[in-house]
Structures are given as C-alpha cells and as structure tokens.
Amino acid sequence: MYGLSITPKGSNHRIPWLALVMASPLSSLSSILSQHHCAIRIRLPTRCCVSIQSFSAKPHLSSSRCLLRTPPSFRPGFSLIFSRKFSQSHPNLPLSNKSEVPSLHSFIAQAALTISEVQPDPASASEILPKGRIYHETYGCQMNINDMEIVLSIMKKAGYDEVVEVPESAEVIFINTCAIRDNAEQRVWQRLNYFWFLKRHWKSNVSIGRADSLRPPKVVVLGCMAERLKDKILDADKMVDVVCGPDAYRDLPRLLEEVDYGQKGINTLLSLEETYADISPVRISKNSVTAFVSIMRGCNNMCSFCIVPFTRGRERSRPVESIVREVAELWKEGVKEVMLLGQNVNSYNDASGVDKEVEPGANWIYSEGFSSKCKVNKTGLRFSDLLDRLSTEFPEMRFRYTSPHPKDYPDELLYLMRDRYNICKSIHLPAQTGSSTVLERMRRGYTREAYLDLVNKIRRIIPDVGITSDFICGFCGETEEEHGDTISLIKAVGYDMAYMFAYSMREKTHAHRNYVDDVSDNIKQRRLAEIIEVFRDSTGQCFDSQIGTVQLVLVEGPNKRAPDSELIGKTDRGHRVSFKITPVPHWDDAVGGNQNPGVGDFVEVRILTSTRASLYGEALAITKLSLFYSNVDEAIADEQNLKSSCL
C-alpha cells in the first residue's frame with residue numbers, strides 16, 4: 001500500500017496526491033508545488049517514507065530538498081532521488097544543467113516507476129526492529145479465545161512478535177470482547193478505563209515505574225462488542241484507537257498503521273466468506289494438551305434474544321481439508337484433545353465442492369420435531385462427515401465440539417458418536433427454557449415435547465452420554481407458570497452441567513424490536529437462584545453415579561489445590577477428576593516398571609468420591625485411547641457371554 005500526499009503552505013492537513021490529480025489539471029499542481037514550504041509525502045509499500053520539501057529563507061531565493069527516511073531493514077546505500085523543475089518559476093536558481101532537470105510530468109511517471117521497483121533487502125531482514133509488544137485479554141466464549149489466536153498469528157506475520165503478560169509493558173493492547181450479556185460489556189468498559197489511564201498518563205506512569213512501555217499504548221477493541229458499539233467506543237474520550245470486528249482481523253496491521261498518521265482505525269464489516277481457513281493460529285497455551293479449532297463462523301438461527309447473527313454474520317464453514325491439516329499440525333505438537341468450535345457448530349456445511357444450488361432445504365435433515373426459519377441453499381459435507389474423517393485419521397486423539405443447536409442432531413450423527421470411541425460422549429443441548437410458549441417467543445423452532453423426545457433418543461442410542469445445557473430466566477413476558485416449566489425440565493432431564501443466566505436484552509435483536517423487557521431484575525434474580533438450586537440437586541446425582549466406575553482421564557495439569565501431589569483432567573463426559581500422583585503400570589512394556597502419570601497421559605482412574613461438582617479417584621494405569629476402549633469392549637463381550645451361559 002503506498003500513496004502520495006501534499007501539505008500546502010499554512011495547512012496541517014495532507015491532501016492525497018491522487019485526489020489532486022483527479023480534481024486538478026497539472027498546471028494547478030505546479031502552482032501548489034511552487035508554494036514555499038510545500039511538502040510532498042510518499043508512502044511506499046516497503047515502509048520507507050520519502051518527503052520532498054520546498055522552503056525559502058528569503059522571498060527571492062528557493063531551493064529543494066529530497067529527504068529519505070528508511071527503516072533499519074534497508075542498507076545505508078539504498079536511495080531514491082526525485083527532482084522538480086524550478087527553472088521556469090525561479091530563473092535565478094543556480095542549476096548546472098537546466099535542460100536535464102525533469103518536468104513535473106516526468107516526476108509523476110518516474111515516482112510511480114521507481115516505487116514499483118523498490119524492494120527491501122532480504123539480507124538485512126534480521127535487523128528489523130520489533131514494532132511493538134502485544135498484551136491481550138479475552139472475554140466470552142471459546143470462539144473468542146480461538147479468534148485471539150488467529151489475531152496473534154496475523155500480527156506475528158506483520159512483525160509484532162513479542163507478547164507480554166501485563167498491559168503496562170505493551171505498546172499494543174488488544175481486548176477481545178463479548179456482547180451476549182450486559183455484564184460482559186460492563187467488565188470491558190472497566191478495563192478500557194484502565195487502558196485509557198495507561199495511555200493518557202504514559203509519561204508519568206513510566207517515570208514512576210508503573211509502566212515500562214516504549215510509547216503510549218494503542219488500544220484495540222476486537223470481537224462482538226466492537227461491531228455492536230463501534231461508534232460509542234470510538235467517541236469515548238479518545239479511549240480507543242482501533243475498532244475491529246470478527247471478520248476484519250486481517251486488516252489489523254493496516255488499521256494500526258493508520259493510527260500513526262493521526263487516524264482512528266475502524267473496520268467492522270461482516271463477511272459472507274471469511275473463515276480464516278488459511279491462517280495457523282498462534283496457540284495461547286503453548287504446552288497445553290488440548291486445543292480449539294474453529295470449523296465454522298456465524299449463525300442463521302435468528303433467535304429473538306440473541307445478538308450473535310448481528311455481530312458474527314451469516315453461517316459459513318471451512319473446507320474439510322483445511323481443518324484436517326490444522327488438526328494434523330496439532331497432533332504433531334502433542335495435542336491429545338481438540339474442541340471443534342462454531343456459533344452453531346453442528347450445522348457445519350462444507351459446500352465448497354458443490355457446483356449448483358438445489359431447492360432450499362431439500363437435502364437438509366433436522367432433528368425430528370425441529371425446524372428453522374433459514375433454509376440451506378447448498379448441502380455439502382455435514383458435521384457427521386467431518387467427525388467421521390477426523391476420528392478415523394486421528395485414532396489416538398479425542399474430539400469434542402461446541403456450541404450446537406438441538407435442531408441439527410440427525411440420527412447419523414448420534415450413531416457416529418456411539419460407534420467412535422474418540423468422539424466424546426458429551427452433548428451440549430441448549431434448552432434456554434422449559435416452556436413451549438416462551439420457546440415460541442424466543443423463535444427456537446421446537447417445543448418442550450420435541451426437546452424431551454430428542455433427549456430420550458440420544459440416551460437410547462448413546463446410553464452413557466453426558467448432557468449439558470443453557471438456560472435463560474426472566475425472558476420477555478415470562479410468567480411464574482412458564483418459569484415452573486423450566487424447573488420441571490431440569491428435573492426431568494438431569495443435566496451434567498448448565499450455563500444459567502438472567503435475561504439481558506440486546507439492541508438490534510428481534511426481542512428488542514418487538515417485545516418489552518417486563519420482568520423486573522429482582523424477579524429475574526430470584527428465578528435464577530431457584531434454577532441454580534434445582535440444577536445442583538440434579539447434577540449431583542450425575543456425579544454420584546460415577547462412583548465405583550473406571551474412567552479414562554486425559555491429564556491436563558497439576559491440581560491447583562495440591563499442585564505437588566495431585567493431577568487433574570477430564571473424563572470422556574467432561575467431568576473433572578483429580579487423583580494422587582503415584583507410580584502405575586504403563587501400557588508400553590518397553591518403558592519398564594511403574595511410572596508416574598504426567599500431563600498428556602491417558603490414565604485409567606477408579607472413581608472413589610464425588611463432591612457433586614467434581615470427582616476424585618485413584619490412578620490404575622497409563623494407557624492409550626484405543627487400547628482402553630478395546631479392553632472395555634472385550635470386558636463387555638465377556639460379561640454378555642457369561643450372562644448367556646448362565647441362562
């Protein structure tokens with residue numbers, strides 16, 4: 001990206017060169033260039049800047065100067081020379097050979113030609129100074145965490161290599177935001193106030209040792225809140241320098257560069273195509289044995305309470321091949337479990353290989369009793385196809401996914417989850433409410449009865465499945481009877497875990513345009529407390545049922561409550577399990593003797609106790625994912641044979 005600009009005499013504003021060329025004849029440009037103190041500024045793609053200034057110490061004497069500023073990546077001998085013809089307007093100017101001085105026409109042509117030829121010196125690439133240290137904070141869902149990893153990859157490619165642990169040491173501060181609920185936005189505003197303090201009082205902060213950044217930090221707001229409140233954020237007393245929406249992260253280096261020229265950087269355009277499929281994220285947790293992989297973006301469901309379609313845009317899916325490549329890279333790095341991410345992850349639809357459109361929704365199968373207001377135009381490879389491919393090619397890697405919609409659980413997906421040992425038997429099934437009338441106002445596309453039928457089908461096909469959910473209390477017009485329906489649903493299903501919130505109305509949503517938020521905050525909080533209490537009783541039974549069983553636990557790290565003596569990890573159903581570090585047999589006989597389990601090991605653990613929120617057990621052996629389930633299958637077969645012989 002390069003450009004020419006002119007600063008006329010007595011003005012602090014630059015006029016783009018192209019704008020002058022388009023709007024004025026060359027004679028007008030010549031008159032502008034003849035003014036005293038006129039400067040031409042050229043921005044080149046290689047990040048060098050050429051300024052041509054005309055100045056005069058006396059009215060009758062004029063001269064020209066060509067200034068070249070080059071970054072450290074250029075060799076000292078690198079130069080550009082531009083000239084301007086002064087002989088006609090300044091006949092007294094001493095020139096050795098006026099006939100050889102190019103005209104203004106030649107200058108424009110030569111500038112364009114020379115710029116196209118400028119290339120940085122690859123031999124001095126190692127001399128490039130860092131552009132600034134990055135500090136980042138992320139609020140909200142797992143998608144935001146993965147987005148931050150994408151941003152770090154983009155910034156690293158642009159020369160921003162260093163990431164620091166505290167904002168006081170950073171020249172660039174990223175805050176990745178969530179707009180789902182008001183509480184999340186309020187936390188972001190509090191942090192922005194502190195970042196504004198670091199920027200506005202930078203000199204004093206550095207002088208007293210509170211900060212050690214090299215210059216006032218640039219504050220960048222990313223994510224859903226950036227798209228929803230872009231104007232408010234930029235107008236907030238120069239608090240923020242750049243606002244960038246979820247689909248514009250590739251533009252961040254340019255937006256930050258604009259700040260150097262006194263501009264506010266903003267790009268919140270939503271895309272119908274952007275999936276960042278070609279970008280390898282920079283993992284925030286370097287030594288983690290688990291990782292996030294985004295497979296699709298956006299949402300078409302248009303639930304009346306939800307802001308996501310307006311901040312994340314329409315659904316689009318990454319090609320299967322790009323996902324397989326990313327997972328393969330993670331496997332090489334030692335990752336043992338991958339969480340597949342999407343705003344509506346199980347509506348994944350890779351239609352990249354489909355040439356023609358079909359009748360909308362013709363080949364798309366929903367869960368029985370469920371519907372959608374948005375029809376699918378092209379049916380490609382669905383979520384079950386992707387899971388089939390990943391679970392086959394990476395047999396020793398475990399796969400989870402979130403966040404799904406109940407409408408997209410066709411039978412083929414459920415049977416695949418049953419048959420593949422490395423697809424976790426854990427299903428997130430957001431109900432939002434237990435009332436059919438509230439579900440209709442929410443535009444969820446199903447009834448209470450259809451939801452319960454789906455739960456029963458899931459448990460029939462996958463007997464030991466863990467089910468989790470989302471609930472909103474106090475939605476517009478919710479009565480005590482409708483609230484009671486939610487409590488009875490929680491009791492009927494028996495969830496392993498749930499996210500529960502009081503309703504928070506969001507601008508732009510269908511509810512904001514058509515309903516009234518008429519349930520008071522006191523009633524919302526009282527109903528939320530009642531839901532949480534009922535849920536605790538329900539989930540406690542799920543955890544207690546695991547006592548005495550042997551579970552396969554992927555060790556994620558030391559238990560923070562006893563870091564020197566205990567490890568902690570997750571079971572297939574997502575339950576947290578801690579156990580003491582003790583030598584146990586290893587699946588590989590070549591290792592020899594008992595070994596202490598470590599991070600990244602799959603460990604057989606017998607569950608001894610339950611706290612109704614976590615499990616505690618004893619380690620039995622270090623094993624492999626495939627080996628554990630082959631032994632389980634053999635044990636089940638032996639038990640069935642024994643029962644048959646007894647009959």
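Predicted model: local features only at pLDDT ≥ 70, side-chain atom pairs only at ≥ 80, totals over all residues.
Biologist: Which residues of α15 are buried?

Modeller: In α15 they are Arg448, Ala450, Tyr451, Leu454, Val455, Lys457, Ile458 and Ile461.

Biologist: Why would residues three or four places apart point the same way?

Modeller: Because an α-helix has 3.6 residues a turn.

Biologist: And what does α15 reach from its first C-alpha to its last?

Modeller: Helix α15 covers residues 448-461, 14 residues, and reaches 20 Å, close to the 20 Å expected at 1.5 Å a residue.

Biologist: Changing topic. At what angle do α4 and α9 pack?

Modeller: About 65°, and their axes are 9 Å apart. Helix α4 is residues 142-157 and helix α9 is residues 252-260.

Biologist: Which residues meet there, from α4 and from α9?

Modeller: From α4, Val151, Ile154 and Met155; they meet Leu252, Pro253 and Leu256 of α9. By class, that contact of α4 with α9 has 6 nonpolar residues, with no polar and no charged ones.

Biologist: Now the whole chain. How many helices and strands?

Modeller: The protein chain has 19 helices and 25 strands. Of its 647 residues, 50% are buried.

Biologist: What share of the contacts with a separation of 6 or more comes from residues 24 or more positions apart?

Modeller: 70% in the protein chain.

Biologist: And the accessible surface, what does it come to?

Modeller: About 31,300 Å² for the protein chain, with 52% of that belonging to carbon and sulfur atoms.

Definitions and conventions
Residues numbered from 1 in each chain as written. Heavy atoms only, no water. Helix = DSSP H or I, 4+ residues; strand = E, 2+ residues; numbered from the N terminus. Buried < 20%, exposed > 50% of the residue type's maximum accessible area, 1.4 Å probe, protein only. Contact = heavy atoms within 4.5 Å. Areas by Shrake-Rupley, 256 points an atom, 1.4 Å probe, with all protein chains shown as cover. Expected span 1.5 Å × (residues − 1). Axes fitted to C-alpha atoms, helices over the stretch in contact; angles between N-to-C directions. Nonpolar A, V, L, I, M, F, W, Y, C, P; charged D, E, K, R; others polar.
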